[in-house]
Amino acid sequence: MTRTLAAGLLLCAAPLLCPMLAGGAARAQSDARPLYLKGRAGLSFPRAISRVEVDREGVVQVSAPSPRSLSISGIGRGEATVSVFGADGRLLGETRFRVMPRPSSANRDLAADPRLSGARAMLGDRGVTLSGEASGLRARADAGRLAEAAGEGPVANLAMVAGEQVVAVDVQFAAVSASTLKALGFNFAKLSGDMQGAIVSPGGGGDASFGSGGLSVDGTAPIQDAFKLFLSMPNRGIGAALSALSSNGLSQLLAQPTLLVRSGEQASFLAGGEIPVPVPQISGAGSSTLSIQYKEFGVRLSVTPYVLSKDNIVLKIAPEVSELDYNNGVQLQGYVVPGLRRRSAETTVELGSGQSFVIAGLTYSNSTVSRDKTPLLGDIPVLGAFFKRQQSQKERQELIIVATPRLVGPVDARAMPPLPGSATAAVDPSIGDMVLGTDGLDQRTAPFGVVRR
């Protein structure tokens, strides 16, 4: 019958109380006997056992199936020394046990996959613990599925992802805006003789009066920003003004940021500025005050990469281009607050290191046609053009984005390229070198920015 040595099981908490045990434990540090959790090991001795001492609680449990043998069970992770004494008080034996989790049956499948050869699955009190290294996030997820397929309990996936996990994202913005404007307006006046009259475009007429000298009209140009063609016949009192305008505009915005970010984290970039926006605040007394809040504008980029493996990078990117728009602004207590025109996108793609993808087709078009005319007279073919003012405006904008993620690593300090300006710091040309063009600045100018591979 198995009997437990409850009375003879002592805990030695200090080396001063058990000097012999302390010295034995120091000798047993290097040759600890492995024991799995919930596993058993047996110890046999030539004489009867009188007393058993364990130097650490919660690691092993000792029972005596016979007077000359012990059964050791692993109950917690760690190391513990078991010292056995005979009836005369002499030490019969001393064994140090290292209690560790039991390997899972999933280790065979993990070792068969080269991507998972560095991962290990161990059985514990609460299921399976997966540790070690995997070649990427996708390999780490596959290791977790293999451990779950073994059916040995819940899996705690603590495996680390090996390899380079820093991503350099090269992004190129190209925002192109094209606009066209056509305007035509005509003013005419006949202010002499028996018959007097005038045709003035809307908003272009000043004061008009009748006097002894006849009709007097103070008019302005039909279209203020257009080119003017004037015709005047003073002897006959005829004056005419023709305003015509045809303009084309093209603007281009380029930005090439490079962001360094760890896998799973977010990085952002902004090239632009902030505008102050007055915001009314109502106080408790009913009076209002103005406070200032700043609104960002320009080229903005937010990117979050997830490294699945060397050849698989999931990239979540959210680019945005905004600019000030005073045509859609508002006036607030004497302040002009401009509006913001935005072009933005948000997408998620999967590609390999060094591959690129393009976001295109983000097109914005706006067309405006306005016409002011004299009723009936403005509808006459050909001649009706002299009795109306017309303006046509078109605008087309397009945003193109190119993104290239790359896995990168640290650079040796001796391989660092010179900083911008360091090559020209020692250049001190004389007046003669400046006149002759031999100052050497063109040859010693270093390129700016990060060199892209």
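Student: Which residue in S6 is the bridge partner of Gln 61?

Tutor: This is a predicted model, where local features need pLDDT of at least 70, side-chain atom pairs count only at pLDDT 80 or more, and totals for chains, interfaces and linings use all residues. Residues are numbered from 1 along each chain as its sequence is written, and side-chain values use heavy atoms, with hydrogens and water left out. Strands here are DSSP runs (E, at least two residues), numbered from the N terminus. In S6, Gln 61 has as its bridge partner Ser 73.

Student: And which residue stands opposite Ser 73 of S6 on the S3 side?

Tutor: S3 pairs with S6 (residues 69–74) in the antiparallel sense, over five bridges. Two strands count as paired if DSSP finds at least two bridges between them. Opposite Ser 73 stands Arg 40.

Student: What is the strand order in that open sheet?

Tutor: S5 and S6 also pair antiparallel, over five bridges, and a hairpin of two residues links them. The edge strands, each pairing on one side only, are S3 (40–44) and S5 (60–66). So the order of the three strands is S3-S6-S5.

Student: How much are neighbouring strands of this sheet turned against each other on average?

Tutor: For the angle, axes are lines fitted to C-alpha atoms, and angles run from 0 to 180 degrees between N-to-C directions. Here, though, direction is ignored.

Student: How many bridges join S21 to S22?

Tutor: Let's go further along the chain. S22 (residues 288–309) pairs antiparallel with S23 (residues 312–332) over ten bridges, and a hairpin joins the two through two residues. The number of bridges joining S21 to S22 is 16.

Student: Which residue of S23 is the bridge partner of Thr 304?

Tutor: We're still on the antiparallel pairing of S22 with S23. The bridge partner of Thr 304 in S23 is Lys 316.

Student: What ring does the charged end of Arg 51 sit over?

Tutor: A charge sits over a ring if NZ of Lys or CZ of Arg is within 6 Å of the ring centre and within 35 degrees of the ring normal. For Arg 51, the distance to the centre is 4.2 Å. The ring belongs to Phe 85.

Student: Where is Leu 383 placed?

Tutor: Follow the chain to S26 (357–373) and S27 (388–408). Leu 383 lies in the loop between S26 and S27.

Methods. Helix = DSSP H or I, 4+ residues; strand = E, 2+ residues; numbered from the N terminus.
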